[in-house]
Amino acid sequence: MKVLDYIKENITYLDGAMGTLLQARGLKPGEATETWNLSHKEDIIDVHKSYFESGTNIVTTNTFGVNCLKYDGETLKNLINSAIDNANEAKKISGGKREKFIAFDIGPTGRMLKPYGDLDFEDAVEVFAKNVRIATKKDIDLFVIETMNDSLETKAAVLAVKENSDLPVFVYNAYGEDEKLMTGATPEVMVSMLEGLGADVIGVNCSLGPKQLKGVVERILKCSSTPVAFKPNAGLPEDKDGKTVFNVLPEEFSDVLLTCAKEGVGLLGGCCGTTPEYIKAVVKKTENIKPKEIISKNLTVVSSYMNTAYFGDIPLLIGERINPTGKKKLKLALMENDMGYILNEGINEQEKGCHILDVNVGIPDIDEEKKLFETVTALQEVCSLPLQIDTSNAIAMEKALRVYNGKAMINSVNGKKEVMEQIFPIAKKYGGVIVALTLDENGIPKKAEDRYKIAEKIVKEAKKYGISKNDLVFDTLAMTVSTDQNSANETIKALKMIKENLGCHTSLGVSNISFGLPKRDFVNGIFFTLALENGLSAAIMNPNSDEMMKAYKTFLLLKGKDENCLNYIDFANSAIEIMTAEKPIKTAEKSENITLSYAIIKGLKDDAKRITKMRLANENALKIVNDDIIPALDNVGKDFEEKKVYLPQLLMSAEAAKFAFEEIKATVKSGESTKCTVVLATVKGDIHDIGKNIVKLLLQNYGFRVIDLGKDVAPEAILNAVIKEKAPVLGLSALMTTTVPAMEETIKLIHEKAPFCKTVVGGAVLNPEYAEKIGADKYAKDAMETVRYAEQFN
Amino acid sequence: MTVKTKDFAEVLKDIPVDIDEASRYCGAKNDQNTKNIISSCLDEAKSALSYKVCYAVFDIHIENDTVIFPFCELKSKDLSKNLAGLDTCVIFAATVGLEIDRLIKKYAAVSPAKSVVLGAIGAERIEKLCDVFADAIKSDFGETRPRFSPGYGDLPLSFQREIFKVLQMNKNIGISLGENLLMTPSKSVTAIIGVKK
């Protein structure tokens, strides 16, 4: 019998701890349990056997800590093969009349994935894949991925299994007392992500006792349409006469698991501290229970690494600010590699109340595959909202979805055969909620009924790929009323039909409705209201638009979806604040009397922006820069050098100056930087870029054109940029001693191939002597010194 | 040997951030401006902080500048000196969690000044957590020695690998160790405390 068939019909028993039993047999602290696969075969077989005989159906191989980061190729193979052999041997010689299966066990690497740690996502996939490829040649029934406390690493492991084996995969995560993974994911996040990836069982193991984890299990049961497993610890470890004992005994343990089984948990076992006694107790109490039938919860949900967004009761706002269409500043930021600008847009959209962010980086002459990947990676580092990946380039889509930490929204498919053939397999593999546009080879039908027909076709086609209609959200295409005054009616009619007859959620790019008309916001706001009233589930919109936000907040208020009107009141109050912000009531300083240079010196961002804007009305931009901004920055810079002000204050001033510059930039054509180009990078292997970002901010303030290559940049890439930009100055930073050789290598390469460029270095591990030793032209102790140095090259 | 995990959130919640100390971590001595920026970031920092420690007690034995742990032998003059005359030590790992790193990252894009300040607050908090833990050990054992971390004196940073394994830091409190021996979350500390049983 296949394991997936078995679990449908029976409460299925998993095993308990391995390490705990081996310690009793003499495993030393710090000694790797997996080494016993070869050195203590009999013990391992005996442990597996005792589990089988206590009623366990699925025994996991002793391979939790086996990976190629710890063991070389030959050892890896031997450890894996012997582990599987041992389990099979136990299966053969053990008594008991239950069905027996062997799961190949995969544990975490112990390393943190980028961007927080140093392990590349693809490298992580490969670490797991190596094990899977060896294991899949042997006699096993399934894979178990367990004790994972990071969502992204979990994803890497699932992909590794799916890409190298057709066997089922069960995934158990380790949650803390806060009911989250160490890196922030909630049970709902994990369910959405794992169901998207096609896990066959979703579960909870390790970290705590059954009582503390019961809450997590219940949350999973609520949202999971997949069988659920529970393998808690035997409580917490305690020291008793020099030995580790756990504080929850089999009786209490099995009581909690019995309750869980009644609530719908179909797979039961234990983790640290549990023994065959625990499993026996669980079997005894639960063996007469019939597993609950798994029914689909019919949820449409996307997630980030820590938040979920459910389609349903409350319509969702999808921020459209990270889409370059019609946005000059964003285009420029994309061209100049200014990730900071993009991140700011995203963070701002989150603060404005968006639930999901659309991410589109498509501009001409851009490497979209690379750019989209980088943008998604950078955004999910600082912004906790789910992302909607928006591209017509299927390769770019796949690359971004692959590294996406959660279940993304996919924008988009449509009724064209070719597009569905491209996107559905990717969506099936990585999971995601797909935006489906009701158009096809023949264009956008005029009539709502015809758009509905396309929707039906898409649902049918998606089903062939195993994609449920829960994962489809239909966009019935808002078309401007300026050319067809009936278009809003048809769009809304189609929307309603899809919602009512197909039972699917809907989304609209609302603002298209007003294209070509004056005061577009007026039209957009009302159209949005109409669509909401007709059941719109989500809107792609600009959260900075007052009319749109008014429509949204008021709609929720009037529909009884705003308890005690709190959201509306909050919104109304902040709207009043915005409307009166021009008046000097916000700061303690008498705003009307302060000067631009005062605002910069004191780090008053809003004032710096306001005054600059005001003065630009009748003054020359360059004059403001030279007479006010630069002298003010110099003033703070000098004080910093003389230790009269310190880094945070210097940065506050720099930020205020940046706000002033942004106003100025809006009036000056791009490419009018008054000073030379400086290329900046954090060297290969180094992922710390805060210092480099500070240098960048100050250089930009002083009018330098900065090409920021980011962090962990290879020497060749730096050289290419220096040559392409003919940059007279290159700034390099390194925080770790281990990456100084990479810095040295980069400098050597630059001096050899681009002798016109001077190198200035900085970072925690460097000093003047060290800098000289590695051949740098200049050591800068802080950001100001870099500015001073760069000024020589104008 | 039993590795225990403790959550100190309740204790640390009641110990306010030492603003002077955080200001020093920003490189500023007695600067009111810096302190003001720190104060303005406190609420946001607090919501991002967690306080976790895992630790275990080990029998040790010292011979020829070498500390003999049950799981490895380590030559270090400085550590031997620190632990001289003792036969027990506590090894611990502490972290204030990944969320503060995320916040530091976020503000690197939005406001570098706040980013720097949040880094300093994180540094103050992890030190405070270590102090609180060391005090708890002191009240359990009586006499303790100053805590000693890999990288101090001649105690090699590579000892992190041994600590990582024996405390199962990743599983217990979510600290992982990079190839370069740096820990994630960045505001994490490992150390040895000599104790008299």
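Which residue just after α8(A) takes a positive phi? That would be Gly198(A), at about 85°. Before going further, some ground rules. This is a predicted model, where local features need pLDDT of at least 70 and side-chain atom pairs count only at pLDDT 80 or more, while totals for chains, interfaces and linings use all residues. Residues are numbered from 1 along each chain as its sequence is written, with chains lettered from A and ligands numbered from 1 in the order in which they are written.

**Chain A overall**

Chain A has 30 helices and 25 strands. Here helices (H or I, at least four residues) and strands (E, at least two) are DSSP runs, numbered from the N terminus. The C-alpha trace of chain A spans about 90 × 75 × 50 Å along its principal axes.

Buried means 20 or more other C-beta atoms within 10 Å of the residue's own, exposed means 12 or fewer, and partly exposed is in between, with C-beta atoms placed from the backbone. As for contacts (C-beta atoms, placed from the backbone, within 7 Å), 75% of those in chain A between residues at least 6 apart in sequence join residues at least 24 apart.

Back to helix α8 of chain A, residues 187–197: 10 of its 11 residues are buried. Among them are Pro187(A), Val189(A), Met190(A), Glu195(A) and Leu197(A).

**Domains and core**

The bounds below come from an automatic or database domain assignment.

| Domain of chain A | Residues |
|---|---|
| domain 1 | 3–286 |
| domain 2 | 301–577 |
| domain 3 | 591–667 |
| domain 4 | 677–791 |

The centres of domain 3 and domain 4 of chain A, taken over C-alpha atoms, are 26 Å apart. Their contact takes 11 residues from domain 3 and eight residues from domain 4. On the domain 3 side, α24 (621–641) and α25 (647–667) of chain A each supply at least two residues, and α24(A) has the largest share, six residues. That side of domain 3 divides into eight nonpolar, one polar and two charged residues.

In soluble globular proteins, nonpolar side chains tend to be buried together. A nonpolar core is a set of buried Ala, Val, Leu, Ile, Met, Phe, Trp, Tyr and Cys residues joined through C-beta atoms within 7 Å. The largest one here has 325 residues, and Phe143(A), Ile600(A) and Val679(A) touch the most other members. α25(A) gives the most to this core, with 10 residues. Leaving out residues up to four places away in sequence, Ile600(A) touches several residues, including Ala608(A), Ile629(A), Leu633(A) and Ala660(A).

**A parallel sheet**

Five strands of chain A form an open sheet with parallel pairing, in the order β22-β21-β23-β24-β25. β22 (705–708) and β25 (778–779) stand at the edges with a single partner strand each, so one side of each is left without a neighbour in the sheet. Strands pair if DSSP finds at least two bridges between them; β23 (residues 729–733) and β24 (residues 758–762) of chain A are joined by five. Leu730(A) stands opposite Thr759(A) in β24(A).

**Where chain B meets chain A**

In the interface, 42 residues of chain B are in contact with 42 residues of chain A. On the chain B side, α5(B) makes the largest share, eight residues, and the residues of that side divide into 18 nonpolar, 12 polar and 12 charged.

Gly174(B) sits in the loop between α8 and β7 of chain B. It counts as buried because 25 other C-beta atoms lie within 10 Å. Apart from neighbours within four places in sequence, Gly174(B) contacts Asn149(A), Met182(A) and Thr95(B).

**An exposed loop residue**

Lys561(A) lies in the loop between α20 (546–558) and α21 (566–579) of chain A. With 12 C-beta neighbours inside 10 Å, Lys561(A) counts as exposed. Its C-alpha atom is 7.4 Å from that of Ile314(A), 247 residues apart along the chain.

Technical notes:
Contact = placed C-beta atoms within 7 Å. Nonpolar A, V, L, I, M, F, W, Y, C, P; charged D, E, K, R; others polar.
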